[in-house]
Amino acid sequence: MSDELSKVFAALADPTRRDIVARLVIGDATVGELAAPYDMSLQAISKHLKVLEAAGLVSRSRDAQRRPVHLEADVLGTMTDWVQQHQRRAEERMSRLDRVLAEAGRHTPNHSQHRSEGEPS
């Protein structure tokens, strides 16, 4: 994948990585802290973090003995912008369809008025 947005969506396709991102929204955490609730090794969590780092979603820094993982929230903003842009276009399209259907409904005769009694509806 070449574009950044594809890397981000691919990284978040995994539920463990989405959960890690959700936990990092609350605050920075070490790999050990991030691994605690999972039944998987530190190496497995580190692999997930490498995918998130490659997508630009997280970064690591050094704080004395700790190497906290930090969420790069601006990347989430890029995703949100993309989703909102396409959501807006879809909503505009549905609004146009609603207007066309409403207009068509005004010009369509009511067939029930033309049926005679006993005619199946």
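Analyst: Let us go through the overall layout, then some helix packing, and then the charged pairs and the surface. Please keep in mind that this is a predicted model.

User: Ok, what helices and strands does the protein chain have, and how do they run?

Analyst: The protein chain has five helices and two strands, and, starting from the N terminus, the order is α-α-α-α-β-β-α.

User: And how much of the chain is buried?

Analyst: Of the 121 residues in the protein chain, 22% are buried. The accessible surface of the chain comes to about 8,700 Å², and carbon and sulfur atoms account for 52% of that surface.

User: Which residue could I look at as an example, and is T16 buried or exposed?

Analyst: T16, which sits in helix α2 (residues 15–26), counts as buried because its relative accessibility is 15%, and the cut-off for buried is under 20%. Leaving aside residues up to four places away in sequence, T16 touches Y38, M40 and H48.

User: How do α2 and α4 pack?

Analyst: Two packed helices are described by the angle between their axes and the distance between the axes. For α2 and helix α4 (residues 42–54), the angle is about 75 degrees and the axes are 10 Å apart, so these two helices are roughly perpendicular to each other.

User: Which residues meet there?

Analyst: From α2, T16, R17, I20 and V21 take part, and they meet I45, H48, L49, V51 and L52 of α4.

User: Switching topic, how many salt bridges are there?

Analyst: A search of the whole structure finds four salt bridges. One of them joins E103 and R106, whose closest N and O atoms are 2.9 Å apart, and these residues are separated by about one helical turn because they lie three residues apart in helix α5. E103 counts as partly exposed at 35% relative accessibility, whereas R106 counts as exposed at 60%.

User: Which residue does K7 form a salt bridge with?

Analyst: K7 pairs with E4, with the closest N and O atoms 3.8 Å apart, and both residues lie in helix α1 (residues 4–11), three residues apart. K7 is partly exposed at 29% relative accessibility, and E4 is partly exposed at 48%.

User: Last one: which residues make the nonpolar surface patch?

Analyst: F9, W82 and V83 make that patch, which covers about 250 Å². V83 belongs to helix α5 (residues 73–107), and with a relative accessibility of 39% V83 counts as partly exposed.

Terms used. Residues numbered from 1 in each chain as written. Predicted model: local features only at pLDDT ≥ 70, side-chain atom pairs only at ≥ 80, totals over all residues. Heavy atoms only, no water. Helix = DSSP H or I, 4+ residues; strand = E, 2+ residues; numbered from the N terminus. Buried < 20%, exposed > 50% of the residue type's maximum accessible area, 1.4 Å probe, protein only. Areas by Shrake-Rupley, 256 points an atom, 1.4 Å probe, with all protein chains shown as cover. Contact = heavy atoms within 4.5 Å. Patch = residues over 30% accessible without salt bridge, like charges linked within 9 Å, V, L, I, M, F, W, Y side chains within 5 Å. Salt bridge = Lys/Arg side-chain N within 4 Å of Asp/Glu carboxyl O. Axes fitted to C-alpha atoms, helices over the stretch in contact; angles between N-to-C directions. Parallel < 35°, antiparallel > 145°, perpendicular 65-115°, else oblique.
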